[in-house]
Amino acid sequence: MRYLILCTIFAVGVPHFSYAIEVNPTKEHVTRALEQGKAAAESKTPPSHLFWRFGSSETLKPHGMLMTKLGGVAVLSAHFSFRSARPTDEDMQRVLEDGFLQVSVTIFGSSTRFAVDSYMLLKQGERLIKPAKVRSDALAHRSAVWPNSPTFKAKVVASFPYDGFDPLVPTTISVFPGEGGEVHFDLDFSAIP
């Protein structure tokens, strides 16, 4: 099973601002992310829709999301805004000090254990970037079309140190399910906040 999926980046319900993945966000970046979270809450957009999404917009095809520092701030802001509150400085600092880009990918397979021992890499040019850690669902969940194909779905989540990749370079995310095969996503990191 080999997939090559060209990135389709989409946002639901609220406008996104565009610039490279911000490793060291400025106050202006953080303010805009806070406003984005507040706008999402006002429009009743679920906070999880604020993460940068890639892959297919179809639920039965591989897709994923990037959890950047600014995405984390927007999500935190949305959660607090739903309760008519604002995140504390300590909450914000915790998100902004996180040293890892989180990449979560949903993949599909034919058995409940197909994702065990899955792996993920980033590729920039000829350079391969390994994650600090990878975790995957030990037991996959039934897909919406079970018992038809694709039968099961699972998540693979990897943490990549911000100092391990270039946030301005086109990047391929490669996922290798434990039972074999590979899934690829081509992204332009310079367009992701």
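**Close-up views of a predicted model**

**View 1. Helix H3 has an exposed side and a buried side.** The buried set in H3 is Asp91, Met92, Val95 and Leu96. These four span an arc of only 130° around the axis, so they sit on the same side of H3; the arc is taken over the directions from the helix axis to the C-beta atoms. The buried residues of H3 pack against H1 and H2, with contact meaning heavy atoms within 4.5 Å. Helices (H or I, at least four residues) and strands (E, at least two) are DSSP runs, numbered from the N terminus.

A word on the model: it is predicted, so local features need pLDDT of at least 70 and side-chain atom pairs count only at pLDDT 80 or more, while totals for chains, interfaces and linings use all residues. Residues are numbered from 1 along each chain as its sequence is written, and side-chain values use heavy atoms, leaving out hydrogens and water.

**View 2. The whole protein has 3 helices and 11 strands.** Going along the sequence, you get β-α-β-β-α-α-β-β-β-β-β-β-β-β. There are 193 residues, and 49% of them count as buried. Among contacts with a separation of 6 or more, 71% link residues 24 or more positions apart.

**View 3. Helix H1 runs from residue 27 to 42.** Its 16 residues reach 22 Å from first C-alpha to last, close to the 22 Å expected at 1.5 Å a residue; that expected span is 1.5 Å times one less than the number of residues. Which residues of H1 are buried? They are His29, Val30, Ala33, Leu34, Gln36, Gly37, Ala40 and Ala41. Looking down the axis, these buried residues fall within an arc of 155°, so they line one face of H1. Lys27, Glu28 and Glu42 are exposed on the face turned away from that buried side. The cover over the buried residues of H1 includes helix H2 (69–82) and helix H3 (89–96). After H1 comes Lys44, with a positive phi near 65°.

**View 4. The largest nonpolar core has 28 residues.** A nonpolar core is a set of buried Ala, Val, Leu, Ile, Met, Phe, Trp, Tyr and Cys residues joined through side-chain atoms within 4.5 Å. Leu66, Val103, Met120, Phe165, Ile173 and Phe189 have the most contacts inside this core. Elements giving two or more residues to this core include strand S4 (100–109), strand S5 (119–124) and strand S10 (170–176). S9 gives the most, with 5 residues. Beyond its neighbours within four places in sequence, Val103 touches Phe54, Met65, Leu66, Met120, Val156, Val157, Ala158, Phe160 and Ile173. A second, separate core of 18 residues includes Val30, Leu50, Phe51 and Phe80.

**View 5. Ser56 is in the loop between strand S2 (52–55) and strand S3 (63–67).** Is Ser56 buried or exposed? Ser56 is buried, at 15% relative accessible area. Its side chain reaches the backbone nitrogen of Glu58 at 3.0 Å.

**View 6. Gly180 is in the loop between S10 and S11.** Gly180 counts as partly exposed, at 30% relative accessibility. Gly180 and Ser118 are 62 residues apart in sequence and 8.6 Å apart in space, C-alpha to C-alpha.

Methods
Buried < 20%, exposed > 50% of the residue type's maximum accessible area, 1.4 Å probe, protein only. Polar contact = N/O pair within 3.5 Å; in protein donor to acceptor, adjacent residues only side chain to side chain.
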